[in-house]
Amino acid sequence: MKIENKETKKTKTGSNYTTFTIDGKHFNIFDEKLQNDFNIGDAVEIQTEQDGQYLKLVGITKVQVEKVAQNGY
């Protein structure tokens, strides 16, 4: 999975949060550390759980994408 978009927004009370688009799904993240640790293009694994009508992001980690040399080795 890959982070396709990252947008910082404000709540009505003035708190910052970030909306991430990951594989076409939108997730709001209120944890400031997570907002800063992830960027567009990062390969990630996510853990989600259904919370009523919403899909809730409960975990996110960066993953290393192995680069294949041009000669295939």
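Is F30 buried or exposed? F30 is exposed, at a relative accessible area of 53%. The model is predicted. The points below cover an open three-stranded sheet, a hairpin formed by β4 and β5, a nonpolar core of ten residues and an aromatic pair that includes F30.

**Three-stranded sheet**
- The strand order in the open sheet is β1-β2-β3, with antiparallel pairing.
- Because β1 (3-10) and β3 (25-29) each have a single partner strand, they are the edges of the sheet, and one side of each has no neighbour there.
- From one strand to the next, the twist averages 20°.
- Seven bridges connect β1 with β2 (residues 16-22) in the antiparallel sense.
- In this part of the model, K9 is placed opposite Y17 of β2.

**Hairpin of β4 and β5**
- β4 and β5 are paired through eight bridges, again in the antiparallel sense.
- Two residues separate the strands of this hairpin, and G52 in the turn has a positive phi of about 65°.
- Q50 is set opposite L55, a residue of β5.

**Threonines of β2**
- T18 belongs to strand β2 and is buried, with 1% relative accessibility.
- The T18 side chain has a polar contact of 3.5 Å with the side chain of Q35.
- Beyond its neighbours within four places in sequence, T18 contacts K6, E7, T8, F27, N28, I29 and Q35.
- T19 is also a β2 residue; its relative accessible area is 11%, so T19 falls under the 20% limit and counts as buried.
- The side chains of T19 and N28 are linked by a polar contact of 2.9 Å.
- With residues up to four places away in sequence set aside, T19 touches N5, K6, E7, K9, H26, F27 and N28.

**Nonpolar core**
- The largest nonpolar core consists of I3, F20, I22, F27, I29, F38, V44, I46, L57 and I60, ten residues in total.
- At least two residues of this core come from each of β2, β3, β4 (44-51) and β5 (54-62).
- I22, one of the core residues, is in contact with M1, K2, I3, E4, F27, V44, I46 and I60 when neighbours within four places in sequence are left aside.
- Among these partners of I22, the residues I3, F27, V44, I46 and I60 are listed in the core as well.

**Aromatic pair**
- A pair of aromatic rings is described by the distance of the centres and the angle of the planes.
- One aromatic pair is found when the whole structure is searched.
- The rings of Y17 and F30 make up this pair, which is stacked, with 5.1 Å from centre to centre and 25° between the planes.
- Y17 is in strand β2, whereas F30 is in the loop between β3 and α1 (32-37), so the pair ties together parts 13 residues apart in sequence.
- Which side of the pair is buried? Y17 is buried, with a relative accessible area of 14%.
- F30, at 53%, is exposed, because its relative accessible area is over 50%.
- The stacked pair therefore joins a buried residue, Y17, to an exposed residue, F30.

Methods. Residues numbered from 1 in each chain as written. Predicted model: local features only at pLDDT ≥ 70, side-chain atom pairs only at ≥ 80, totals over all residues. Heavy atoms only, no water. Pairing = 2+ DSSP bridges. Helix = DSSP H or I, 4+ residues; strand = E, 2+ residues; numbered from the N terminus. Axes fitted to C-alpha atoms, helices over the stretch in contact; angles between N-to-C directions. Buried < 20%, exposed > 50% of the residue type's maximum accessible area, 1.4 Å probe, protein only. Polar contact = N/O pair within 3.5 Å; in protein donor to acceptor, adjacent residues only side chain to side chain. Contact = heavy atoms within 4.5 Å. Core = buried A, V, L, I, M, F, W, Y, C linked by side-chain atoms within 4.5 Å. Phe/Tyr/Trp six-rings, centres within 6.5 Å; stacked < 30°, edge-to-face > 60°.
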